[in-house]
Amino acid sequence: TQALIQKQEQADKPEDLDKIPRLTREDLTTETSVKEINVSELFEGTIFNHADEFTSGIDYLNLYFDISDFKQADYEALGFLSNLLGSLPTERYSVAELQTQIDLNTGGIHANVVVYDDPKTKETKPYLVISGKTLEESFDALLVLMQEVLCHTKWNATEDILKLTQS
């Protein structure tokens, strides 16, 4: 290990640096491609916008919930609660079982509160965002787990909440 660290800390020889391919300004383009947005229904009554893109077999899902009807004073609490999502038991799983299912079937499920500019109205709008990623063949499992976390978290698990907030 020490030999590797010493080698990594040595300056590269100029002839080795010359072997690295370099981009010139002419190699770059300012053109952008427009992605076609497909609209479908994810769950009954929900709009799902998606763009087909090469992601090496990994599916990414971000669910945005408009929380602009909440009072600004509630955003701090929403941020705190969003950090608890996925770390509390649900109706179907204990904390350990939920973490095992998330680890086995996904690359993680996370939630947070963000604020974006609405391109149509030019107003800022807060959202609760639930994000997850998984292999293509496990997408249905990701949906089930996200639904479990969103709809069936046991918010009355005071002992678990205390453990999380005091650690």
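Author: We shall look at confidence, then at the sheet, and finally at the packing of helices.

Reader: What is the mean pLDDT of the protein chain, and where is confidence lowest and highest?

Author: Where pLDDT is low, the predicted coordinates should not be read in detail. This is a predicted model, and the protein chain has a mean pLDDT of 90, with 100% of its residues at 70 or more. Confidence is lowest in strand β2 (residues 47-50), where the mean is 82, and highest in α4, where it is 96.

Reader: What is the order of the strands in the open sheet, and which are the edge strands?

Author: In a regular strand the side chains alternate between the two faces of the sheet. Here an open sheet of three strands runs in the order β3-β5-β4, and its pairing is antiparallel. The edge strands are β3 (58-66) and β4, each of which pairs on one side only, and the twist from one strand to the next averages 30°.

Reader: Over how many bridges do β3 and β5 pair, and which residue in β5 is the bridge partner of Tyr-64?

Author: The antiparallel pairing of β3 with β5 extends over nine bridges, and Tyr-64 has Val-129 in β5 as its bridge partner. Strand β4 (residues 109-117) and strand β5 (residues 124-135) are likewise antiparallel, pairing over nine bridges; Val-114 stands opposite Tyr-127 in β5, and Asp-117 is opposite Thr-124 in β5. These two strands, β4 and β5, form a hairpin with six residues between them, and in the turn Lys-122 has a positive phi of about 65°.

Reader: Which helix lies across β4 and β5?

Author: That is helix α3 (residues 75-84), which runs at about 150° to β4.

Reader: At what angle do helix α4 and helix α5 pack, and which residues meet?

Author: Two packed helices are described by the angle between their axes and the distance between the axes. Helix α4 (residues 95-105) packs with helix α5 (residues 139-152) at an angle of about 150°, and their axes are 10 Å apart. The two helices, α4 and α5, are therefore roughly antiparallel to each other, and α4 passes α5 in a left-handed crossing. From α4, the residues Leu-98, Gln-101, Ile-102 and Asn-105 meet Ala-141, Leu-145 and Val-149 in α5. The residues of this contact comprise five nonpolar, two polar and no charged.

Notes
Residues are numbered from 1 along each chain as its sequence is written. This is a predicted model: local features need pLDDT of at least 70, side-chain atom pairs count only at pLDDT 80 or more; totals for chains, interfaces and linings use all residues. Side-chain values use heavy atoms; hydrogens and water are left out. Axes are lines fitted to C-alpha atoms, for helices over the stretch in contact, and angles run from 0 to 180 degrees between N-to-C directions. Helices (H or I, at least four residues) and strands (E, at least two) are DSSP runs, numbered from the N terminus. Angles under 35 degrees count as roughly parallel, over 145 as roughly antiparallel, 65 to 115 as roughly perpendicular and the rest as oblique. A crossing is left-handed if the near helix is turned anticlockwise from the far one by less than a right angle, and right-handed if clockwise. Contact means heavy atoms within 4.5 Å. Ala, Val, Leu, Ile, Met, Phe, Trp, Tyr, Cys and Pro count as nonpolar, Asp, Glu, Lys and Arg as charged, and the others, Gly among them, as polar. pLDDT is the predictor's confidence in each residue, from 0 to 100. Two strands pair if DSSP finds at least two bridges between them.
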